[in-house]
Structure formats: C-alpha cells, structure tokens
Amino acid sequence: RASEFAVPEAYQSRTPPYAKLIQNLNTVKKIVDNKPLTLAEKILYSHLVSPEESLASSNGQLSNIRGEVYLKLNPDRVAMQDASAQMALLQFMTCGMPSTAVPASIHCDHLIVGKDGANDDLEKSIATNKEVFDFLQSCGEKYGIQFWGPGSGIIHQIVLENFSVPGLMMLGTDSHTPNAGGLGAIAIGVGGADAVDALTGTPWELKAPKVLGVKLTGQLSGWSSPKDVITKLAGILTVRGGTGYIVEYFGEGVQTLSCTGMATICNMGAEIGATTSTFPYTEAHKRYLIQTGREPITKAVDAANNQHNFLRADEGAQYDKLIEINLSELEPHVNGPFTPDLSTPISLFGKTTKEEGWPEKVSAGLIGSCTNSSYQDMSRAVSIIQQAEKAGLKPKIPFFVTPGSEQIRATIERDGLIDTFERNGAIVLANACGPCIGQWDRVDVDKQSTDSNAIFTSFNRNFRARNDGNRNTMNFLTSPDMVTAMIYSGDMHFNPLKDSIKLDNGEEFRFQPPTGEELPNSGFIKGREEFYPEAQPQPKPDVEVNVSPESDRLQLLDPFKPWSGDELSTNVLLKVEGKCTTDHISAAGAWLKYKGHLENISYNTLIGAVNKETGEVNKAYDLNGDQYSIPELMIKWKEEQRPWIVVAEHNYGEGSAREHAALSPRFLGGSVILVKSFARIHETNLKKQGMLPLTFAEESDYDKISAGDLITTQNLRDMIAQDGNNGGTLTVKVTKKDGSTFDVLCKHTMSKDQVEFFKAGSAINHIGNLKRA
Ligand code: F3S
C-alpha cells in the first residue's frame with residue numbers, strides 16, 4: 001500500500017520509491033521461487049527496469065544471476081563532484097534534454113587547495129576555478145540539478161547527510177560513492193558517461209555482482225575503530241579481492257556500529273575493488289536520519305523494513321564468499337605505503353618499519369576527508385588532543401583537519417572542537433577534498449625531493465604522489481585516532497596503545513584510549529546558510545551555459561567517430577609494466593584543472609606508466625626508434641591516423657572512477673587496451689567511450705608482445721554480429737617487426753548495449769541517436 005510509505009512532499013525526492021521497489025522485489029521473488037535473498041540483491045534487483053526481462057535466463061537460480069546476468073537498472077539519484085561533473089555534464093549536454101530524468105546534485109569539493117586554512121584557501125580556490133564553478137552552477141540552474149558550491153562540503157559526506165537512505169540506489173561520479181552504503185544504500189561509483197545514462201533515464205547496465213558476506217561479531221572498544229574493519233579487510237582481500245562483488249555486512253557486530261562508522265567501512269570498499277558495500281538497517285541509521293533532519297521519512301523506512309523485510313537479508317541468504325571479523329579482537333591497523341592493502345597491525349608496525357627501511361619519522365598528520373570526518377571521528381581525535389594538552393605536550397609535526405561538510409564544521413565549532421584543534425596547532429582546512437586528492441600545497445617538504453618521507457592520514461587512498469604530488473611521500477592510512485596520537489610522537493615506532501612519551505618534566509605520559517560521541521548531544525547545526533542550495537530546484541531552460549572557445553579549462557565535445565565496420569588494425573604504442581592505476585593513466589594533482597577540457601587534459605595520458613621494455617616512466621618509442629613522451633607519441637600517431645593499442649598487466653585502471661582515463665586514450669587515437677585483467681569501472685568506462693577492452697586468455701601471451709607490433713583483430717565483425725553475446729573470445733593476429741606472425745586468444749565482456757556503443761563510437765553517441773530518433 002502506497003500510503004504506508006507516504007512522506008511529506010518536501011522529502012519525496014529524497015525517499016526511495018519503496019512501494020514500487022517492493023512490488024518489483026515481489027516479482028523477483030516469484031522468478032527465483034522465493035529463494036532467500038541477500039540485502040544487496042534485494043536493493044539491486046528491485047531497481048530493475050523489468051525483472052522478467054533481466055532475469056529470464058536465470059531458471060530461478062540465483063547462481064545463474066550473480067556474476068552472469070547483465071542487469072538493466074533504474075537508479076534513483078545521481079551525485080557528481082566538480083572534477084568529474086564537468087565531463088559528465090558536457091556529455092549530458094550533447095543529448096539535448098531539458099532536464100535530468102532523476103534528482104541529481106553537483107558538489108564542488110575536489111578543486112579546493114589546502115594550505116593555510118579554510119578561509120584563505122577557499123577564497124583563492126574560488127578565484128582560480130571561477131570559470132568552472134560558474135559553468136557547473138549554470139548547468140545546475142538550467143537542468144534543475146542541486147548545486148552545492150565550494151566550501152559546502154565533500155560529496156560523500158553531503159550525500160550521507162542529505163540523500164542516502166536505506167534501500168536507495170544511486171550512482172556517483174566518484175569511486176568512493178559507496179560511502180552511502182553506510183546508510184543502507186546501494187551506491188556505485190561510475191564515470192560521467194554512466195551518470196548520463198541515469199540522467200537521461202536510459203537503463204544503466206551492470207553485470208550482476210556476486211555477494212561477499214562479512215560477518216561482524218563482538219564489539220569495538222579502546223583504540224579500535226570502524227576504519228580498522230576495512231583496513232584489516234583490505235589486507236585480507238587485497239586491492240583485487242572485491243572485484244565483481246558487493247560487500248554486504250551482517251551479524252550482531254553490525255548493531256554496535258555508528259552510521260558514520262559504517263560509512264567509513266563502505267567508503268573504503270573501493271580500495272578492495274568492490275562494486276559497492278552496504279549494511280542492513282539498524283537503530284543507528286534511524287538515529288542518524290533523525291539527527292540529520294529526516295525524521296519525517298523514518299516511518300516509511302520502518303515500514304519497508306518491518307512490514308516488508310526489505311532492508312535486511314533474508315534468513316538463510318547465501319553469500320558467494322564469507323569472511324568473519326570479531327570486532328572485540330580487532331587491532332588498529334596501518335595500511336601502506338603506496339597501496340591500501342599492505343596492512344600492518346599497530347603492534348607490528350614499528351618492527352615492520354625497521355625491516356622495510358621506511359622513514360624513522362612521521363612528517364605530517366592529516367585527518368578528515370570523506371572517509372573519516374564524522375562528529376564521532378572528530379570528537380575522538382579531540383579526546384586525544386585534550387589528554388596531550390593537559391600533559392603539556394605539543395604536536396611534533398604539522399597537523400591538518402578537513403571537516404567533511406559545513407554541517408560538521410559548524411557543529412564542531414559550536415561544541416568547541418575546532419577551538420581545541422587550533423589551540424593545539426592544527427590547521428583546519430576548508431570543507432573539501434584538499435590534500436586527499438593532491439590539492440595540498442605542501443610547504444614543509446619539497447615536491448621534487450627524492451628523499452622518502454612518511455605521512456599518517458585518515459584518508460582512503462595512498463598511491464604515489466596522491467597527496468602532495470611527491471612520489472616519495474609514503475602515505476600510511478589509518479584511523480583518525482592513530483593519526484592524532486602520532487602527531488605527538490612523530491616516531492614511526494610509536495604504538496599509542498602501549499608506548500609512552502617523555503614529558504619535559506621527565507615523567508612518562510601514556511594516552512588513554514579515545515572516547516567520542518556517536519552524534520552531537522545538542523544536535524547538528526547547519527552553519528552558514530550560503531552553502532546550502534535550493535531544496536528542489538526546477539529546471540530553467542532559458543539559462544545560458546557558456547563555454548568560451550578560448551577557454552583552457554572547458555571545451556565542448558566533438559563526437560568520436562563511429563566504427564568503420566572493419567576489423568581493427570592497431571600498433572602497440574606501449575607495453576606497461578606492473579601496477580597501472582587511473583592515477584597512472586590520467587594523473588590528478590595539477591591536471592585536475594583541465595577536467596573539462598579534453599584536449600588539454602589528454603597531455604597527461606599514461607605519464608605515470610612504466611615502459612616494460614625500458615623501465616622508463618612516460619617514455620615510448622616510435623616505429624623508427626625515436627623517443628617521445630607517451631602522450632606526444634599518441635598525438636603523433638593520431639595525426640598520422642595510426643590507431644594504437646596499449647598492453648598491460650593486472651587490474652589495469654584500478655583506483656578512482658576517473659573516466660578521463662578512458663576518454664583521453666580514445667581522444668588521442670587509441671582503439672584497444674589489452675591486459676591481463678581490468679578494474680571493473682575502468683573496463684566499463686573504456687567501452688562507454690567506444691574502445692575495445694580485451695584480456696589475455698593466456699596471461700603468458702603478454703610476454704610475447706612488444707611495442708611496435710601490429711595487432712589485427714580476426715573475428716571482431718562476428719562478435720559484433722552476435723551482439724557481443726555478453727562476453728566470449730576474440731582472436732588477434734600479432735605481426736612482429738620482422739614479419740613473423742602468431743595468433744593470441746583474447747577475452748571480451750561486451751554486452752548487446754556495449755556493442756551498440758562501440759558501433760556508434762561511444763555510449764553518448766548511441767544515447768544521442770536514440771533521443772533524436
Ligand atoms: Fe574527496 Fe578524497 Fe573523498 S578526493 S571525495 S576526500 S577520497
């Protein structure tokens with residue numbers, strides 16, 4: 001009954017359409033003969049455009065759906081951060097629609113530099129990025145998209161505070177979109193072209209993920225925190241272990257966690273490659289909804305859960321993999337450097353530091369970001385600072401705090417936490433990403449320095465050069481508690497659980513475990529009104545969205561060319577060695593500036609990649625042996641109309657959902673990427689841009705291919721004629737420079753829709769063709 005789920009009008013666009021979802025779910029249940037479903041399956045399958053059509057081939061077996069079926073889904077909402085929103089909206093504009101098909105929001109967070117403190121940094125960043133912010137704002141006004149301006153907060157924190165609701169399905173143009181799973185949503189990080197699917201009301205396609213169950217038992221205590229659940233899990237599963245899975249938490253331990261703690265855990269599910277992560281509805285969720293001004297929807301949420309069993313797994317639901325973590329035995333972990341799955345329990349960290357030859361000293365501590373900037377995180381950090389202050393201790397290293405939103409900042413200011421931070425030497429940065437995304441104008445260490453230095457952060461990602469642009473900065477990821485304790489020691493061997501610090505008076509000081517409030521006792525306050533957008537903006541078709549042809553920040557898009565109908569013939573431009581993340585393929589930092597200008601940002605393509613044949617970074621060789629930077633050679637070959645292919649190793653494109661990592665290679669004339677394995681989002685992004693992602697059927701064939709080889713597909717036309725068949729094999733002929741040839745068997749995962757993208761030249765071309773038809 002729709003009346004069970006009635007909410008006041010002002011909340012309708014922020015409440016999942018429970019009546020429709022539950023009706024859909026009942027159809028799904030019939031198709032699978034009432035087999036028990038996991039929570040992830042319930043939320044995902046209830047968003048199917050047509051359960052009958054999508055699940056027709058399942059024969060009633062869940063195992064025939066998971067990892068097999070391409071689902072066509074109707075997401076409820078889209079969120080976009082400023083860096084990725086530019087390209088998402090430039091692509092959306094080419095479809096010629098007057099407004100978005102689902103509610104959407106834009107968040108200005110990635111382009112804000114962190115250096116001196118919130119006010120100065122914000123003012124400078126607004127001036128530097130004015131053209132981009134104006135473009136995003138005008139798109140928001142024209143198409144009726146909520147615009148959260150610079151300083152309002154970090155996308156995932158704002159989504160948690162305003163939009164995430166149990167049972168919601170949303171897409172976000174940022175890889176940490178799964179943060180919203182902390183409040184029981186299925187929230188998936190995608191590229192701009194995927195976001196355009198949802199924005200245009202085109203069904204969004206996803207291969208049904210498998211479900212990895214994580215059973216939490218016991219209860220956290222002392223120094224252990226939700227961050228340690230995910231840093232430990234990353235150590236168990238590695239950066240590839242979650243690929244193709246939704247991680248679903250369950251067990252009695254879940255009931256002991258705060259909503260924001262669950263968000264931290266879901267946030268970093270991105271670091272294990274998971275499609276997303278989610279939690280069942282708990283009392284903590286209800287408390288959070290009420291405290292964040294959404295009490296009027298809790299009746300509907302309760303009805304969905306209590307009367308329809310929608311927001312938790314069915315009794316007896318089966319997981320494809322199962323891991324158990326006892327929270328009572330969980331130790332704080334420190335992960336890094338350079339990869340988020342190198343996980344070390346704090347009790348072994350000092351010893352490991354010695355063995356690995358990591359720096360002896362910590363050079364800076366940073367807390368906050370979308371991962372760890374909740375009231376609970378901040379109040380626990382302050383409880384550590386207060387102990388140190390009382391003992392007369394001063395921080396030994398620079399310390400930065402990034403609040404996640406204006407609501408958090410204003411509330412911790414009211415409650416005296418900001419005062420405590422600043423009195424103790426911390427620099428409180430703007431409510432934005434700042435140092436987490438390379439927007440750290442760091443002054444204490446030279447960017448070009450070749451000496452290693454170690455930083456402790458409560459962030460989620462730690463690839464080289466991620467934070468300060470310095471490849472030698474080792475970022476160790478841990479809880480805000482551990483970072484805060486560490487700033488008073490500055491020594492990599494310090495274990496706050498058992499070591500003491502010598503005070504000036506000769507006495508030994510030991511920290512007591514941190515304490516904090518799950519939610520502010522006096523409730524949240526909103527803070528400065530100017531940071532809040534109109535609640536339900538209406539599209540204004542008369543608003544002009546201006547993009548100057550002279551701009552070096554923004555550039556309207558020209559469509560990519562459709563497929564010629566012939567087999568592809570391409571030369572190997574580069575054979576990449578080892579890890580190749582989206583940071584290697586499309587560097588962030590200073591390049592963030594050009595996110596809306598495809599030509600200019602493409603000068604960063606693969607500049608972080610290591611050439612397998614020479615060991616050099618950003619070096620490639622023309623057919624006659626002349627050396628170029630990688631993008632220079634791509635540009636040269638594009639001008640010569642010589643399509644190219646890149647060959648690489650495992651988990652190619654892991655890391656953020658950066659669609660420029662697919663757009664730029666395509667723009668510069670790339671046609672195929674052939675690797676040992678792909679990160680899921682990147683593989684999809686390549687397909688959306690009309691490229692052909694292939695994997696080696698036999699990994700050892702990677703060794704047989706060299707730069708300069710000519711690679712010709714043998715049965716591409718057959719594959720296209722069969723509409724991709726949802727994956728299969730494709731043979732390529734390799735011609736070496738000496739004229740010798742051999743065949744290599746490759747695999748592809750092209751679905752019918754993705755074949756259409758390939759034929760049209762890109763997904764956007766295909767959607768535009770459909771909308772114009
Ligand atoms: Fe921003 Fe870092 Fe999160 S870049 S969205 S704070 S991962």
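## Pairing of β2 and β5

Ala79 has Gly172 of β5 as its bridge partner. Strands β2 (residues 77-81) and β5 (residues 169-172) pair in the parallel sense over 3 bridges; two strands pair if DSSP finds at least two bridges between them. Strands (E, at least two residues) and helices (H or I, at least four) are DSSP runs, numbered from the N terminus.

This is a predicted model: local features need pLDDT of at least 70, side-chain atom pairs count only at pLDDT 80 or more, and totals for chains, interfaces and linings use all residues. Residues are numbered from 1 along each chain as its sequence is written.

## The sheet

The open sheet has 5 strands in the order β4-β3-β2-β5-β6, with parallel pairing. β4 (146-148) and β6 (186-189) are at the edges with a single partner strand each, so one side of each has no neighbour in the sheet.

## Helix α12

In helix α12 (residues 283-291), the buried residues are Ala284, His285, Tyr288 and Leu289. A residue is buried if 20 or more other C-beta atoms lie within 10 Å of its own, exposed if 12 or fewer, and partly exposed in between, with C-beta atoms placed from the backbone. Down the axis of α12 these buried residues fall within an arc of 135°, so they line one face of the helix; the arc is that of the directions from the helix axis to the C-beta atoms.

Gly293, with a positive phi near 80°, follows α12.
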